[in-house]
Amino acid sequence: MNENTTSQNPELLRRLLRAKDRMDAASNEDWPVSRLASVSCVSEAHFARSFKEAFGVPPHRYLLTRRIERATAQLRDTDLPITDIAFRTGWRSLGTFGRTFRDITGRSPGEVRVQERAARRGFESVPACILSAAHRPDLRIAVLEKRRRLADGTKGAQPKEVP
């Protein structure tokens, strides 16, 4: 959430999160501001303004982002035709999907499919547990301690000296 959210009412934030969760769960559905506002029990104008203040983007842009994320995952992980992926992720037109996808990612859906799969090929012989470990955050020390050490300019893995 945005740093400005501290000025918003906690009850309103819960309602906004409810609407955001609904969009996440069903990003393939239509989510006009009127529907989101009714989920949040506020007026349309208040919802749109509050959502942008809380999350840093308007509701429609947030929904587009979620749809593109899901489409990218399906392009990478399935053999579904691009047309099917477009419709499954909430687009009503293949042309609109392709144009919006390229505008957001800088690549066409077909290019993304080829590049994502090529990048994945090099790791096929590496066991999944090793890949997971390599991408796991280094949490040998507390996050706050890491931040303090970074602020002090010391290395995060060094133990703190006790006088």
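Which residues in α4 meet Phe97, Thr100, Phe101, Ile104 and Thr105 in α6? They are Leu64, Ile68, Ala71, Thr72 and Leu75, where a contact means heavy atoms within 4.5 Å.

## About the model

This is a predicted model, in which local features need pLDDT of at least 70 and side-chain atom pairs count only at pLDDT 80 or more, while totals for chains, interfaces and linings use all residues. Residues are numbered from 1 along each chain as its sequence is written, and side-chain values use heavy atoms, leaving out hydrogens and water.

## Helix α4 against helix α6

Helix α4 covers residues 59-77 and helix α6 covers residues 94-105; helices here are DSSP runs (H or I, at least four residues), numbered from the N terminus. Their axes come within 11 Å and cross at roughly 95°. Axes are lines fitted to C-alpha atoms over the stretch in contact, with angles from 0 to 180 degrees between N-to-C directions. The two helices are therefore roughly perpendicular to each other, a label for angles of 65 to 115 degrees.

By class, this contact has 7 nonpolar, 3 polar and no charged residues. Nonpolar means Ala, Val, Leu, Ile, Met, Phe, Trp, Tyr, Cys and Pro; charged means Asp, Glu, Lys and Arg; the others, Gly among them, are polar.

## Helix α1 against helix α4

Helix α1 (residues 10-25) also packs with α4, at an angle of about 30° and with the axes 10 Å apart. α1 and α4 are therefore roughly parallel to each other, the term for angles under 35 degrees.

On the α1 side, Lys20, Met23 and Asp24 take part, meeting Pro59, Tyr62, Leu63, Arg66 and Arg70 in α4. This contact has 4 nonpolar, no polar and 4 charged residues.

## Aromatic rings

Rings of Phe, Tyr and Trp (its six-membered ring) pair if their centres lie within 6.5 Å; planes under 30 degrees apart count as stacked, over 60 as edge-to-face and the rest as tilted. The count comes to 5 aromatic pairs. One of them is Phe51 with Tyr62, edge-to-face at 6.0 Å centre to centre and 65° between the planes. This pair links distant parts of the chain, with Phe51 in helix α3 (residues 44-55) and Tyr62 in helix α4, 11 residues apart. Both Phe51 and Tyr62 are buried, meaning under 20% relative accessible area with a 1.4 Å probe, protein chains only.

Phe97 and Phe101 form a tilted pair, 5.5 Å centre to centre with 55° between the planes. Being 4 residues apart in helix α6, Phe97 and Phe101 are separated by about one helical turn, and both are buried. Finally, Phe47, Phe51, Phe55 and Tyr62 form one aromatic cluster.

How values were computed: Parallel < 35°, antiparallel > 145°, perpendicular 65-115°, else oblique. Buried < 20%, exposed > 50% of the residue type's maximum accessible area, 1.4 Å probe, protein only.
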